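Please examine the structure shown below before reading on. The paragraphs that follow lead from the place where two chains meet to the details within each of them.

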Amino acid sequence: MSQPSVTLEELPLVDAQAAAEGGEAKVTGSAWKLAAYVFLENRLAVVGLGVVVFMFLFCFVGPLIYHTDQINTDILQLTLAPSATHPLGTDNVGYDVLGRLMVGGQTSLEIGIVAALLATTFGVLWGAIAGFIGGWLDQVMMRIVDSLLAIPTLFLLLVLAAIFVTSLPMLIFIVALVAWLVPARLIRGETLSLRTREFVDAVRVMGGSDARIVLRHIIPNTIGTIMVNATFQVADAILLIAALSFLGLGVPPPATNWGGMLSDGVSYTFAGYWWLIYPAGLFIVVTVVAFNLIGDAMRDAFEVRLQRR
Amino acid sequence: MTGFLVRRLGQSVIVVVGVTIVTFVLTRLLPGGVARAVLGPRASPVSIAEFDHANGLDLPGWQQYLFYLNQVVHGNLGFSYQLNESVTGLLSDHLPKTIILLGAATLLTLVIAVPLGVMQAVRRNKLDDYFLTTLSFALYSMPIFWLGLILIIVFSADLNVLPPEGPQGDISTYLNPDQFLSLVLPVVTLALVEIALFSRYMRSSMLDNLVLDYVRTARAKGVSTAGVLYGHVLRNALIPIVTLLGLSLPGIISGALIAEAIFNYPGMGLLFWDSAQKRDYPVLLGVTLVVAVATVVGNLLADIGYAVVDPRVRVTE
């Protein structure tokens, strides 16, 4: 374990720099406590980042090293207990569970990230436009958000999954469709305060169009909120996809994801086939927690105060 | 207070109207049109025409919405052709069971999370506080479907002390010993996640209040530690919990859907899930509307409750 990089002498009890600049000399707390806090905080973020990197390597590089057949079922090798040939056993159609975790993880991570990107992009544009233009347009746009937010997420997601035939791209689309609401609300809030700032007037005086103000000035100023929220969105999307697959409305076979694997394992709860339930669930939890840790650390780093969900 | 109530009520009405527009638009998105989605791919043109007329689908778009709204206002949420029963009838069977599940889970949550949060705040930064903090973080990160499965493995498969399935009988039989036992796992699964969330809030809410001036004043007047804690701090710390109850409502309703699916608990969530798998659209959209309205009303009640217990809200509004 390395020593904290800040020592007692370097950490004054009052914020001297701010005081020198005519700002408020805030008491920053006991130096050791602060150092411990910074240290702990960084460590958690590093752990989170490490887990995410591991998950990516495991899911995308893993199959290159650990070869398994994840396309053809093998009815002679059903629900085998973990052994030397199958470290985590086989599932109900004979797929190797460790290899399945890699393939399933690819889908979970891909959907999570693409859906989060889509949702964030759309939500940010929606929120920025509503907040910047204001007036009745803002009212209408935000009431749409309110109405969709009033429907509990899983219910909305299941309705959409039932209406639109599920393929992988469609699944990403419907997850994004329920996920864009929170960023829209957050960015609208920030835009409301940003649009009254001097630099917006300056752009306008120089002849910049509204589109230019929103795209080049307001949205870049909310980048902290955007990145923090996007990180949380990835975690949420992975969970939503897992829940949806668990409920049997996820990706069509032979593709799978961690939630789908869990769903396949449910029938064997009483048979004692723990390898069909614990690994997949653990991977979901660990990945989601890792993304949340990164998000928390980033929120502190960007010093953005926002409410999750 | 009246102004606050009127404004808050107005917002809720707008959102409810918005929700009806959402469910209306969703019905228009059904593959092959509403009639074909409901009556099936082999419906004859005559029956489709009859269906369209009965449901106002032969009207212009905006009149279709008014027709739909009129139906909804009169309690007609649609008809499930697959179950051959009206959605309202189905809901009157299933909704009370979900309310019992949610109510029991919420009650259990409050009974456990509030004392837990108080204890953690009093013993802050001690070993047991760290332990409980870690535990609640782990529980809160756990997807409810996995938590439910683990509980089934431990308490039903391994220890064989609790049934893995929710009560299947009528609500009036819920207090029979075997039915009551089968209620335990679904309720606990739902409550555990909520306990993790609520105890966190309770802990920080207590800590926020412990440093305030009135605590010092009370101590200076000679009030005992327990007196300050339970007579003053706890009462004030409970205020944000009222809001949290409202805010956590959509989450807990989604959680109930999964809990009902895992434990085969015949509530609204299970009905909804079955309908999603069978593509029984009238039920899906009817339940969606009911759930959304319930959420809006729940939030409204929480806000009003907040204004009642905390006079400052009324003054600043």
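**Where the chains meet**

In this predicted model, 36 residues of chain B are in contact with 34 residues of chain A; two residues are in contact if their C-beta atoms, placed from the backbone, lie within 7 Å. On the side of chain B that touches chain A, the elements giving two or more residues are α1 (2-28), α7 (144-158), α12 (249-263), α13 (268-278) and α14 (281-309) of chain B. Helices (H or I, at least four residues) are DSSP runs, as are strands (E, at least two), and they are numbered from the N terminus. The residues on this side of chain B comprise 29 nonpolar, six polar and one charged; Ala, Val, Leu, Ile, Met, Phe, Trp, Tyr, Cys and Pro count as nonpolar, Asp, Glu, Lys and Arg as charged, and the others, Gly among them, as polar.

Chain B contains 15 helices and two strands. Its C-alpha atoms fill a box of roughly 85 × 55 × 35 Å, taken along the principal axes. Just after α4(B), Gly75(B) takes a positive phi of about 80 degrees.

In chain A, helix α3 (residues 97-133) and helix α4 (residues 135-150) pack at an angle of about 145 degrees, with their axes 7 Å apart. Axes are lines fitted to C-alpha atoms, for helices over the stretch in contact, and angles run from 0 to 180 degrees between N-to-C directions. Among the residues making this contact are Trp126(A) of α3(A) and Met141(A) of α4(A).

Residues are numbered from 1 along each chain as its sequence is written, and chains are lettered from A and ligands numbered from 1 in the order in which they are written. Local features need pLDDT of at least 70 and side-chain atom pairs count only at pLDDT 80 or more, while totals for chains, interfaces and linings use all residues.
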